[in-house]
Amino acid sequence: MAGLALRSAGRALLAGWALLAAPGPCPRRGSGVAAALRAMGFSQEQARRLLALQPRLGPEHREAAAAQLLLLGLSPEAAVALLERSPALLRLPRERLRERAEELRRLGLDGGRLQRALSRCPQLFHVPRKRLEAAVRLLRERCLFTAGQLREVLETCPTVLLEEHRTLHHQFQYAYFRMGVRQKAMVEARLFQMPFVELRNRHIFLERRGLYETPHKGQTQTSNPKLKDILQLPEKDFLASLAYSTPEEYEVFKKLLAREEEEKEEEDVDALYTDDDDDDDDDDDDDDFDSDESKTARE
């Protein structure tokens, strides 16, 4: 069925391109573009909205962007909505659009999956290819997500492709080593949708209240709350049903924790400078020793 739908879409696109390429008087060019879009499956209203986007742009750019989105499995309405949210797509070269569409398809993002991912992150088409490949390599090789889990992460949390790789890996390591959570639970909980600071706040708050314990190596059964509940519950429900606390207590805790982090960073910086000073003193002692040796040798 999917192949038949794509073949039908392809035939419609060819008909649209033929209409655009047909010669005709310049004053009727706009109606020719509208007719081509209609032939591709867009309604009259959708074609009007597409033509209103960056009207000075040549019709071939508008045509190429719409065509690639339809070939990815987006509905005409979803394609128009995406172009309205991210009109810069219209200026991307046709070849760049085609290559990026192929890359997204290889990752399993097409049709409804791609539509949901783009609704959360319209910048998906603008991510440089090397950055996209590096993020995928990190998630597969260092975080050890399976191909299916990776596809789910990209669909539900496509902004991972925009994150700094060090930040992304740090959040994974915190959940894996500090909280004892495995990849399957991370995907189900949509780990990367929550900023790391809030993840850490909620986890440490539960831990210090005796409600979360890091599992020991090899331990499979724990009474800890599920990561999905920790991340996805609104703050009010998180405090009431998991932390058994009040918003006021949580606000005070977050301020104290932030202060702890600042003090720890200052201590780390001081320790770094202390080590440098010790190294300088050692160098001075060596210089004095060398001077004494030289003086003895001259005598």
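Predicted model: local features only at pLDDT ≥ 70, side-chain atom pairs only at ≥ 80, totals over all residues.

Visitor: Is Ala147 buried, partly exposed or exposed?
Guide: Its relative accessible area comes out at 43%. Buried would need under 20% and exposed would need over 50%, so a value in between has its own label. Ala147 is therefore partly exposed.

Visitor: How far apart in space are Ala147 and Leu107, C-alpha to C-alpha?
Guide: Along the sequence, 40 residues separate Ala147 and Leu107. In space, going from C-alpha to C-alpha, the distance is 8.3 Å.

Visitor: Zooming out, how many helices and strands does the protein chain have?
Guide: The protein chain has 299 residues, and 37% of them count as buried. Among contacts with a separation of 6 or more, 71% are between residues 24 or more positions apart. As for the elements you asked about, the count is 15 helices and 0 strands.

Visitor: Which residues of H14 make the contact with H12?
Guide: On the H12 side, the contact uses Glu198, Arg202, Phe205 and Leu206. Sorting the residues of both helices gives 6 nonpolar, no polar and 3 charged. On the H14 side, the contact residues are Glu235, Phe238, Leu239, Leu242 and Ala243.

Visitor: How about H10 and H12: roughly parallel or roughly perpendicular?
Guide: Helix H10 runs over residues 165-178, and its axis is 10 Å from that of H12. The two pack at an angle of about 15 degrees. With under 35 degrees as the cut-off, that makes H10 and H12 roughly parallel.

Visitor: Which residues of H12 meet H10?
Guide: H10 passes H12 in a left-handed crossing. From H10, the residues involved are His170, Gln171, Tyr174 and Arg178. The contact of H10 with H12 divides into 4 nonpolar, 3 polar and 3 charged residues. From H12, they are Phe196, Leu199, Arg200, His203, Ile204 and Glu207.

Visitor: What does Asn201 touch, not counting residues up to four places away in sequence?
Guide: Asn201 also lies in helix H12. At 6% relative accessibility, Asn201 counts as buried. The residues it touches are Tyr250, Phe253, Lys254 and Leu257.

Visitor: Over in H5, which helices do the buried residues pack against?
Guide: Helix H5 spans residues 76-85, and its buried residues are Ala78, Ala79, Val80, Leu82 and Leu83. Those residues pack against helices H3, H4 and H7.

Visitor: Now the loops. Where is Tyr244?
Guide: Tyr244 isn't a glycine, yet it has a positive phi of about 50 degrees. With a relative accessible area of 55%, Tyr244 is exposed. Its place is in the loop between H14 and H15.

Visitor: What is phi of Gln54 near?
Guide: Gln54 is found in the loop between H3 and H4. Its relative accessible area is 24%, so Gln54 is partly exposed. Its phi is positive in a residue other than glycine, near 45 degrees.

Visitor: Last one: how many disulfides does the structure hold?
Guide: Take two of the cysteines, Cys121 and Cys143. Cys121 is buried at 1% relative accessible area, and Cys143 is buried at 0%. The number of disulfides in the structure is 0.

Notes. Residues numbered from 1 in each chain as written. Heavy atoms only, no water. Disulfide = S-S within 2.5 Å. Buried < 20%, exposed > 50% of the residue type's maximum accessible area, 1.4 Å probe, protein only. Contact = heavy atoms within 4.5 Å. Helix = DSSP H or I, 4+ residues; strand = E, 2+ residues; numbered from the N terminus. Nonpolar A, V, L, I, M, F, W, Y, C, P; charged D, E, K, R; others polar. Axes fitted to C-alpha atoms, helices over the stretch in contact; angles between N-to-C directions. Parallel < 35°, antiparallel > 145°, perpendicular 65-115°, else oblique. Left-handed = near helix turned anticlockwise from the far one by under 90°.
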